[in-house]
Amino acid sequence: MNRSGLCAIFLQGCLMTTMASGSAGAVAASLQGEWAGERMQVVIDGRGGRIEGDCASGRIDGPVLIGADGRFTAQGSFEAYRPGPQRADEGAGAASAHFSGEVRDGILRLAITPAGAASAQVHTLQAGAQIKLIRCR
């Protein structure tokens, strides 16, 4: 595992320990780190997050606050692409999206629900992992 992966796991452990030792009314802490998995990578810092996939991209607006149970919700935008040229009359740009998930034992389970979608896309990502994206565009 590379240095950034170890840092992400250490940060997560410190975060969970601090939150577990606090009172029930403790303020949620900000989730931060780098994760990657099946065709997607996510980078989250104190200001928000960036999501990159083979055929998608998105952003999380504002800090991702994680509860004592390891769960979080956030808002942002998300756009899925398709291979090949885009038609001029196709909708362009990212749509608003809801992000939710859970962090446990170095694994980030991320659900992405774009506005108007019938169901969420769920991704399982490993802390500190790196992948090579193969872009649709």
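Which residues does I131 touch, not counting residues up to four places away in sequence? In this predicted model, I131 touches A36, G37, R39, M40 and Q41.

Close-up 1. I131 and G53 are 78 residues apart in sequence, yet their C-alpha atoms are 9.9 Å apart in space.

**Close-up 2. S77 in strand β7.** Strand β7 consists of residues 71–80, and S77 is found there. S77 has a relative accessibility of 9% and therefore counts as buried, since the cut-off for buried is under 20%. Leaving aside neighbours within four places in sequence, S77 is in contact with G58 and R59, and also with A94, A95, S96, A97 and F99.

**Close-up 3. The disulfide of C55 and C136.** A disulfide is a covalent bond between the sulfur atoms of two cysteines. The count for this model is 1 disulfide. C55 and C136 form a disulfide, with their sulfur atoms 1.4 Å apart. The torsion about the S-S bond of C55 and C136 is about 40 degrees, so the disulfide is right-handed. C55 lies in the loop between β4 (48–53) and β5 (56–61), while C136 lies in the segment after β10, so the pair ties together parts that are 81 residues apart in sequence.

**Close-up 4. Accessibility of C55 and C136.** C55 is partly exposed, with a relative accessible area of 27%. C136 is buried, with a relative accessible area of 15%.

Notes: Residues numbered from 1 in each chain as written. Predicted model: local features only at pLDDT ≥ 70, side-chain atom pairs only at ≥ 80, totals over all residues. Heavy atoms only, no water. Contact = heavy atoms within 4.5 Å. Helix = DSSP H or I, 4+ residues; strand = E, 2+ residues; numbered from the N terminus. Buried < 20%, exposed > 50% of the residue type's maximum accessible area, 1.4 Å probe, protein only. Disulfide = S-S within 2.5 Å.
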